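Student: I'd like to go through how this model packs together. Can we take it piece by piece?

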Amino acid sequence: MNKEEDEYATLLYQLHLSYKHARKNKRNTQNQLAFELNQEEELFKLATQIQNRTYRPKPSIAFIVYKPVQREIFAADFSDRVVHHLIYRSIYHYIDKQLINDAYSCRKNKGTLYGINRVDKFMRSCTHNYTKEAYVLKLDIEGYFMNMSHQIIYDKIIELLPSNKTSFLGIKRESLFFLLKQTIFNDVVTNCRIKGSKNDWKGLPPSKSLFNKPKGVGLPIGNLTSQVFGNVYL
């Protein structure tokens, strides 16, 4: 097996592991089942496209949800979710160790209970075990995901990854950077299909929709990679 064949075999193996991660929360969805029917063929296709630099994200499905609040969602194709998990698994270790302790989104061992216990610890500390008065500031960054610059996200991710590493999970550095570019700079607004009716968007503030943002700005809510990039951007 020559070097190129070895790299392809490693990429295929890591895509298979990423596929197993991606399907955990998407079992029995139509998109996932269609992929699983031709799993080997689909994974070979992805590996070939990545190695040949012909991979492009497929159209997302755009729709509106109303719980807990009205939000715009762009659901990625299952094949792209596999790629998202591959990116996540490749960069997580290097990104995670550079984040502050109190960033919780999509981090191992940082679930809701951990956050509750941290809040309790801080409240006890600043109130001297609830013997003194204190205030809690509750706030939100308005339109956070909708206003992220793709170029800034990409530059920040590259900056946090070790410059001396030539591969991640055995995948060439150039291949990983290619996937980061394809995912971050993907213009989901022009690469989507709308599920439901455009009337579903009535009542949604313009600032909450990617359809009202210029090209190169905004990430789709819901993608695993968006959550990771959100930690880095902040």
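Student: Which residues in H3 do Glu 4, Glu 7, Tyr 8, Leu 11, Leu 12, Leu 15, His 16 and Tyr 19 in H1 meet?

Tutor: This is a predicted model, where local features need pLDDT of at least 70, side-chain atom pairs count only at pLDDT 80 or more, and totals for chains, interfaces and linings use all residues. Numbering runs from 1 along each chain as its sequence is written, and side-chain values use heavy atoms, with hydrogens and water left out. Taking contact as heavy atoms within 4.5 Å, the H3 partners are Gln 39, Leu 43, Phe 44, Leu 46, Ala 47, Thr 48, Ile 50 and Gln 51.

Student: Are H1 and H3 parallel or oblique to each other?

Tutor: Their axes (lines fitted to C-alpha atoms over the stretch in contact, angles from 0 to 180 degrees between N-to-C directions) come within 9 Å and cross at roughly 130°. Angles under 35 degrees count as roughly parallel, over 145 as roughly antiparallel, 65 to 115 as roughly perpendicular and the rest as oblique. H1 and H3 are therefore oblique.

Student: How many of the 10 residues of H8 are buried?

Tutor: Buried means under 20% relative accessible area with a 1.4 Å probe, protein chains only. H8's buried residues, including Phe 229, pack against H4, H6 and H7. H8 is largely enclosed by the rest of the structure, because the buried count is eight.

Definitions and conventions: Helix = DSSP H or I, 4+ residues; strand = E, 2+ residues; numbered from the N terminus. Buried < 20%, exposed > 50% of the residue type's maximum accessible area, 1.4 Å probe, protein only.
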